Amino acid sequence: MLPDPKLVPEEVMFVLRGLRSAGKQGWLAGGAVRDLVRGKGAQDFDVATDALPDEVLKLFKRVIPTGVQHGTVTVMSGDHPVEVTTFRGEGPYLDGRRPSSVTFLGEIEGDLSRRDFTVNAMAWDPLAGVLRDPFGGQEDLRRSRLRAVGEPIDRFREDGLRPLRAVRFACTLRLSLTPKTRRAISESLDVFAKVAMERVRDELVKLLVRGAPPSRGLRLLQRTGLLERIAPELLEGVGFAQNRYHQWDVWRHTLQVVDAAQADPIVRLAALLHDVAKPRTAVPKEGAPGENTFYDQEHLGAKLTAEMLARLKLPKREIDRIVLLVDEHNWHYLPEWSDATVRRTLARIGVADLPALWALRRADLTGRGRHVEEGLANQAEAEARFAKEIENASALKISDLKIGGEDVMQALKIPPGRAIGQVLGRLLERVLDDPQLNSRETLLRLLPEVLKNPSTGNPQ
């Protein structure tokens, strides 16, 4: 059964019609065709053609030569960019990352033969109503299997990222790797090691966010040897016993938490790494054989998380957010906390990151497998209490104070410098204890006293 042409955006159809009117072929290829054949919506529509890049540049008014040397240009159809690539064959991959040469071809079948998996090696012409499927991608989708085009080991040694993409597709599309394709992953780890960590990071994040469920992909990473190359620290949790509050070992608990976490990259990465330090901080529990206590595991975990994410080349801002979540995921809320304690905790975490932390903590509690209801009830109580303090607090960060650095310098007759921040930090500590102090008049009156004992910490 062919996909419905109505599912193709008009901007893409415009490009296909333009190629057809010039006597050229125009096919949709790759992931969009795969998803449409599956009966799913598609987002990224790539056009394959026998027209050379220079010919495409002449056919359309607005064309960006994004990768002419590789046969790719981008046609601007209205405000919609459409990537158009000439049918191509590829020379040998000498470095496991890119072909040594590109040859332009005249037929779509040759182009499809260079692709990674059969489900991605289909092409559809919605104008002519023709689907080309030379490698049996439709049958593989029907049988829910993922199979490499040709010999899997050859495909994986051409591009070292393909083993990880195999796991990602198996997880996100709910396909089973054929035995031959799965074996080839473990046999091509040396080529995978050459892949830039930015590309590895992007595939891992897609697996975590789009996984159905992501734990399926994480198990495949573990069993094929890919996880040891990406995040070996996580393997320390495999089979590592916890305690009576957890039904599973550290690794299985981590998988449960990732599945339970909301499908947000920050939260899911934090879920993956939240207990990474448990094996390194474990101390056998006295009087409880087989149980462990994990002292300060969240703090060492935050340090390990920063190192691991830096290795994956995540942006620093994202690393900082995930490290914060790991560092703050493990404290236990007590109803007898004073309002000031709640406000200080809020100031330390930051209101902006609180929803992500709550999401992680709920997933962590769900993933224990034991005492889940009482844990979630405590978390709900904490969320309500914190929400009340957010509504009532007069200041939770230095910028909320009714005076600023200029006021401090003018009132105390001191020059710019570190002392200004220390004074403001101490004022915030006072306001966190007593919100009524946050008035301009009161804060100015407190300045001489605070100057004698400025904050050396960071209440935020």
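Predicted model: local features only at pLDDT ≥ 70, side-chain atom pairs only at ≥ 80, totals over all residues.

Colleague: Where is the place of R114 in the chain?

Modeller: R114 sits in the loop between α4 (108-112) and β8 (123-125).

Colleague: And is R114 buried or exposed?

Modeller: R114 counts as buried, because its relative accessibility is 16% and the cut-off for buried is under 20%.

Colleague: Stepping back, how many helices and strands does the chain have?

Modeller: The chain has 23 helices and 13 strands. Its C-alpha trace spans about 85 × 60 × 40 Å along the principal axes.

Colleague: What percentage of the residues is buried?

Modeller: Of the 460 residues in the chain, 50% are buried. As for contacts with a separation of 6 or more, 65% are between residues 24 or more positions apart.

Colleague: Turning to helix packing, at what angle do α19 and α20 pack?

Modeller: Helix α19 (residues 354-366) and helix α20 (residues 372-392) pack at about 165°, and their axes are 9 Å apart. The two helices are therefore roughly antiparallel, as angles over 145 degrees count as such. Their crossing is right-handed.

Colleague: Which residues make the contact?

Modeller: From α19, the contact is made by L354, W358, R361, R362, L365 and T366. From α20, V372, G375, L376, Q379, A382, E383, F386 and I390 take part. By class, the residues of this contact divide into 8 nonpolar, 3 polar and 3 charged.

Colleague: What is found in the loop between α19 and α20?

Modeller: H371 is found there. Its phi is near 55°, a positive value in a residue other than glycine. Most residues other than glycine have a negative phi.

Colleague: What about the phi of S144?

Modeller: S144 is not a glycine either, and its phi is positive, at about 55°. S144 lies in the loop between α5 (137-142) and β10 (145-146). With a relative accessible area of 33%, S144 is partly exposed.

Colleague: One last topic, the backbone: which peptide bond is cis?

Modeller: The bond from A212 to P213 is cis, with omega near -5°. Most peptide bonds are trans. P213 belongs to the loop between α10 (197-210) and α11 (214-224).

Conventions. Residues numbered from 1 in each chain as written. Heavy atoms only, no water. Axes fitted to C-alpha atoms, helices over the stretch in contact; angles between N-to-C directions. Helix = DSSP H or I, 4+ residues; strand = E, 2+ residues; numbered from the N terminus. Parallel < 35°, antiparallel > 145°, perpendicular 65-115°, else oblique. Left-handed = near helix turned anticlockwise from the far one by under 90°. Contact = heavy atoms within 4.5 Å. Nonpolar A, V, L, I, M, F, W, Y, C, P; charged D, E, K, R; others polar. Buried < 20%, exposed > 50% of the residue type's maximum accessible area, 1.4 Å probe, protein only.
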